[in-house]
Amino acid sequence: MFSNYLLVAWRNLTKHRLNTLVNLLGLSVAFACSILLMLMVHHEFSFDNFHKNGSSLFEVYSFVHSADGDSKGTSMSYPVAPTLKSQVPGIARTTGMMWAGIGVRYKNKEIDKEIKLLDNDFFSMFSFPILSGQKQNPLSSTSNVVLSKSTAEAVFGKEDPIGKIVKLKVNDDWSDLVVTAVIQNAPENSSIDFDILARMEISRDYARGKDVWNMSNHIVFVQTAAGYSQQQVENGLRNIVKKYHVADEEYLKGKGYLPDKNGDRMAWKLEPFASAHFDEELAFGPAISKTYLYTLIFIALIIMTIASFNFINLNVARAFTRAKEVGIRKTIGAGKKQIFFQFWAESFLLCCISVILGIVITATVLSPFNDLFTEKLKIMELINPAVILMVIGGMLMVSFLAGGYPAWVVSRFNPVNVLKGKVSMNRSGGLRNGLITFQFILSCLLICTTIVIYKQFQFLRTAPLGFQQESVISIPVKKQENGRKNIEQLRERLYNQPQVVSITGSSANIGLGMDFNTSKWSWGFTYNSRAIETDMLKVDYDFFSTMGIKPVAGREFNRSFPSDTSSKVSNVVITESLAKQIGNKNIVGLSFYADSSAPKWNIIGIVPDIHFYSMYEKGAPFAFVMSTDGALGYILVKVRTTNPLQAMNLVKAAYKEIEPDNTIVPTYLTENTRRWYAKEQRLSSIFFSSAAVAIILSCLGLFAIVSLVLEQRRKEIGVRKVLGASLATITGLLSGDFLKLIALAFAIAVPIGWYFLNKWLQGYVYRAPLSWWIFPMAGLLSIAIAMLTIGFQTLKASRANPVDSLRME
C-alpha cells in the first residue's frame, strides 16, 4: 500500500512541475542553509565536551562590581594554584597555564612554536592522550618538556623524540629540556591549544614571584573533588582572598567598587570549564557568545519556517485544483485516512528529495562557506550521529507539519460539494494570507537587522580613535629584547626612501595583527589619597608624530633629553583623562612615586585621549614611557601609500635583513583594527545572506501562489476585459490584495524590529544611532521585490486574450 502511495505521489509531482519545482527549490535551499547554520552551532557547543573530568573542571576568576557594571578577570599570580590545592577543601587538582614565548631549537633547526607553561596536574585533569613516552606524570621534573604530535614531526621528522634534548626560548631565554612525551594535537573544538608544554617553574620571574600575590600573569584551572559543590569551593576561595590580602580594599573602595552580599569588593569565583568558551571575558581560547549561537538557530528556524509556509500554501492551493480527483476517490470508496496518506506521501517524498539535495548543496558550498565566515567545519561532521538525528528530525517535522496540514484539509472535503463544484480556493484565503503576511514579517525583520548590524560594524570600524592609523605598517618583533636595536637598524636602511615618513615602536600592537597577540598593561596607584588607574604603553622616539598625536601641553619624547631614557627617573607622557584624575593644576613638571619600588614619575607632556583598544571597551586613561631596557614588541612604520603594496614590500624586504628568521607577516594598522570587529562583520554577512535567502524563498512562494490564483481567476479577468477594464485596472486589482498583505507585514515588523534591535545595540559601549529611515527602507525594499515578483504574472494575465479564457471547455 505504501509503495502505491509513493508511486501515485511521484506521478503527481512530475505532473505539476511548477509546483514541484518551487517546493523542491525552496525546501532544498532551506535545508542546506539550516544544516550549515546548525553545523556551526553544533561545532561551537561541542567545545571542551570531550574531557572525562569535564563536570568537575573550573576556571578561577576575579569578580568586582561597580556602578559602571560587573567586571571579570582571569589573570592570577604564581602562588594561587599550589595554595588552592593545599588549603581549599574540595579542590583535588590545580594547574596554571601561561604563554611563555615562541621558539624551539634542535641541532641546527629552529622552528616557531608556541610554548605554554603549566603544572604537572594538567595531564590528570584534561583528556589529551599521550601517544608516546612517559604516560604518567610526564612533567614530573622541571627539566622535562612535552611536545604535541605536529611539533614533534616538525622538529624531529621520523626520528624518535623521546629522551632528546631541545632548546626552548622561554621569556626570551634559551633553556635545555628533555622530551619526555608526545601528546595528541588538541582537537578543533578545544579551547586549550598547544605546541609545547613545560613546567611553570622555568619561567624567568617564577623564583621572584612564587610568593607574591599581586603579580598576576596566568590563568588557573581547578578540579573539584567528588561530593563538593561549586558554592562550597567558592567559600574556600573567599577565605584565601582574606587570608593573603589579595584584594586591596582601600584602593577598590576609592575606585567606587561596591561590596557584594558577603561584604567583599573583590571575590574569586569558579566558571565551569566548558562554559568559559561562551564568555568573552573569561575565554582562554576563541570565544563566542551563546546569544550569537541562539541567533543562528533563530535564523535557521526563520528560513525553514518561510520554506514550510511556501510548502503549506502551495499544497493547499494545489489541493483545491485537485478537488475533483478527491471527490472521485471518495465516491469509489476511499476513506479519510487513505486520502490523507496519499497526499502526505507526496509531501514526504518531496521532503526526502529536498533533504538529499540540501545535503549535496551543503557539501558543495562547505569550503567557500568556511572561507566566508572563518569557520572550520568539515564534511565528516555531516555523518556525526547528532547531526544525522537533527537532519532526520527536521525532515520529519517539516513533512508532518507542513505536509500534514494540506493532507488533512483535503481529506475532509465533502465529495458531494466537490463534484458540484462548490469547493474553491477562496476557502483557504485566510490561511494563505496569514502565512504570506508572516513570511514577509520575517523577511522585513531580517532586512532591518542586516542594515542595523552593518551600520554598527561600519560605526565601530570608522570611529575616531584619537590617532592616525592610515598608512602605518605594524611589524611584530620576534626577539623583543632587540626591539629598539632593530628599530635603529631599520631607520638606517630606510633613511633615504621617500616612501617612508617615520619609524617608531611600541610594547603592544594596535589592533589584531597576524600574530593574533593582544596585550594590555594596566597600573594602579594612590596619589593624594585618590585611587588612580591607567593603562601603560612603552614606546620609542617619534611615536606621537608617527601616530599623528600632538601634545596639548609640554612635549613628547625627544633625543635631546637624555633623561627620557634614564633608569633613575621615569619621564611620562599622559593623556588628558589621566591628568584629570591626578587633579593638579600644573601637571607638566609634576613628579611623584607611582610605585615606591620603581623610579619616580616625571610628567613631561599631555596628549589628547586616545582609544588604543577596540570600541567594545570604554576609553581609558593612558601613560606612555620610553623603553629603557630596549625591549619593544612592535615596530611602526609610517609610509606614503600612493602604492600600498610597493611600500609594504619595501619595508618587508628591509626588515627581513634584520630578522631573517621572523616569519610573522607585517600588516597595515587599518587591517589590524578591522579584525577587532570580525564578529560584527561575520554576523553582518550571515544576516545579509539569510535575508537574501528569506526574500528569495518568500518571493518564490509568492510567485507560485500568484500563478495558482490567476489560474483560478482566468474567467473573471476575461469578463472584466470584455466589460472594458483597462490593463492598469486589472493589474492593480490583482496586485492590490498581495501588496496589502506586505504593507500589513511591514506595519507589524516595525515595532518588533525597533524593540529588539534597540535592545541589541545597548550591549555596545559605543553604538550607531537606530535611524528611523531603516524601517521604511526595509518596507519599500520588500514591496519593490514583491512587485517585481507579482508584476510579471499579473501583467501576463492582464494582457491575455479574453476569448481564450471565456471559451467553453
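**Exercise 1.** How do helix 15 and helix 18 lie to each other: oblique or roughly parallel?

*Solution.* Before we start, this is a predicted model, where local features need pLDDT of at least 70, side-chain atom pairs count only at pLDDT 80 or more, and totals for chains, interfaces and linings use all residues. Residues are numbered from 1 along each chain as its sequence is written, and side-chain values use heavy atoms, with hydrogens and water left out.

Step 1: find the helices, which are DSSP runs (H or I, at least four residues) numbered from the N terminus. Helix 15 covers residues 483-494 and helix 18 covers residues 644-658.

Step 2: take the axes, lines fitted to C-alpha atoms over the stretch in contact, with angles from 0 to 180 degrees between N-to-C directions. They come within 10 Å and cross at roughly 130°.

Step 3: angles under 35 degrees count as roughly parallel, over 145 as roughly antiparallel, 65 to 115 as roughly perpendicular and the rest as oblique. Helix 15 and helix 18 are therefore oblique.

**Exercise 2.** Which residues bring helix 3 and helix 7 together?

*Solution.* Step 1: look at residues 80-87 for helix 3 and 230-243 for helix 7; their axes come within 11 Å and cross at roughly 125°. That makes this pair oblique.

Step 2: search for contacts (heavy atoms within 4.5 Å). Thr83, Leu84 and Gln87 of helix 3 meet Leu237, Ile240 and Lys243 of helix 7.

Step 3: sort them by class, and you get three nonpolar, two polar and one charged, where Ala, Val, Leu, Ile, Met, Phe, Trp, Tyr, Cys and Pro count as nonpolar, Asp, Glu, Lys and Arg as charged, and the others, Gly among them, as polar.

**Exercise 3.** What classes of residue line the second largest cavity?

*Solution.* Step 1: a cavity is a set of points on a 1 Å grid over the protein atoms alone where a 1.4 Å probe fits but cannot get out, and lining residues have an atom within 4 Å of a point.

Step 2: the lining includes Asp535, His611, Lys618 and Phe622.

Step 3: the lining divides into five nonpolar, three polar and three charged residues.

Terms used:
Helices (H or I, at least four residues) and strands (E, at least two) are DSSP runs, numbered from the N terminus. On a 1 Å grid over the protein atoms alone, a cavity is a set of points where a 1.4 Å probe fits but cannot get out, and a pocket is an open set with protein on both sides within 12 Å along at least five of seven lines; lining residues have an atom within 4 Å of a point.
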